[in-house]
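I opened the model today to look up its pockets, its sheet and its aromatic pairs. My notes follow.

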Amino acid sequence: MTRQQISFAEFSALLLLVALAVFAGNLVFRYANIGKDLEQKTLTNARIVSSLTAAAHQQYGKSTSALSKLSDVRFTTNSKLQPRDVHFPATFTRNLSEKISKLKLASSFNIFSDVPFGTQADRKLDGFAKQALNRLRGGEKEVWQFFQDQDGPDHIRHTTPIVMRENCVACHNDPKWNLAKRDWVAGDIRGVREVRVEVPTAETQGQNAILGQLGLSVMALCLGTFVVFPAVRKE
């Protein structure tokens, strides 16, 4: 028996099929990892926004700490301030978060607690909020989760703890606030800052583009394997 030699046309067709297979494999790898890359980029953005909100909250708290020693200054949760009125740090942060939310940006933030002040007593924490609060009180520095939303854009919810400071203890334990807990001490996790950051639309479109390229390459590979190469070999 004589071994049949492969023709130049057959070799070219085989080389093309191998190239298509490698290209398809590379697309599969990129598609499998783009979700992780996307999640990491969004998490980085969330951490940046979270650090900014924490800095604003803490700086406001330091600024108002000195004012609390003045007898003619009144701390309030009212939205409309009168002369000599000052918002509590939590009220300031909450008002700021509401203003940012109205701008309809790709990110927003909020603060919450399972021991809220009277103005937020009717707010219910969802499953993620409860889990985040428990884990942060357990010692974790941050808690986050990636959400795929069918009714809206995919997003990450990133939380960090609001730690009770020494100069805040007396006020939060004041009976007039009628809080469910009145034995706060410095170091307690009083609440949580939550940042919500949407997944960039361009990244999502990139993922769809890779999926489209993968489909085309698989079709080309099948066409070459079962149609083109047999035809070339027959000729």
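How many nonpolar, polar and charged residues are in the lining of the second largest pocket? I found one nonpolar, five polar and five charged. Ala, Val, Leu, Ile, Met, Phe, Trp, Tyr, Cys and Pro count as nonpolar, Asp, Glu, Lys and Arg as charged, and the others, Gly among them, as polar.

Before going on, I noted that this is a predicted model, where local features need pLDDT of at least 70, side-chain atom pairs count only at pLDDT 80 or more, and totals for chains, interfaces and linings use all residues. Residues are numbered from 1 along each chain as its sequence is written, and side-chain values use heavy atoms, with hydrogens and water left out.

**Pockets**

I stayed with the second largest pocket. Its space is about 150 Å³. Residues lining this pocket include Arg94, Glu98, Phe109, Arg123 and Arg196. Helix 2 gives the largest share of that lining, four residues.

Next I looked up the largest pocket. Its volume is about 750 Å³. It is lined by 38 residues, and Phe88, Pro89, Ala90, Phe117 and His172 are the closest to its centre. The lining divides into 18 nonpolar, 12 polar and eight charged residues.

My note on terms: a pocket is an open set of points on a 1 Å grid where a 1.4 Å probe fits, with protein on both sides within 12 Å along at least five of seven lines; lining residues have an atom within 4 Å of a point. A volume is the space filled by probe spheres set on the points.

Two strands pair if DSSP finds at least two bridges between them. Strand 5 and strand 6 are joined by nine bridges. Thr160 has Arg193 in strand 6 as its bridge partner.

**Aromatic pairs**

I searched the whole structure and got five aromatic pairs. Rings of Phe, Tyr and Trp (its six-membered ring) pair if their centres lie within 6.5 Å; planes under 30 degrees apart count as stacked, over 60 as edge-to-face and the rest as tilted.

Phe75 and Phe88 are a tilted pair, because their planes are at 35°, with centres 5.5 Å apart. Phe75 is partly exposed at 21% relative accessibility. Phe88 is buried at 12%. Buried means under 20% relative accessible area, exposed over 50%, partly exposed in between (1.4 Å probe, protein chains only).

Phe128 and Phe147 are edge-to-face, because their planes are at 90°, with centres 5.7 Å apart. Phe128 is buried at 6%. Phe147 is partly exposed at 21%.

Last entry: ring pairs link Phe75, Phe88, Phe117 and Trp177 into a cluster.

Methods. Helix = DSSP H or I, 4+ residues; strand = E, 2+ residues; numbered from the N terminus.
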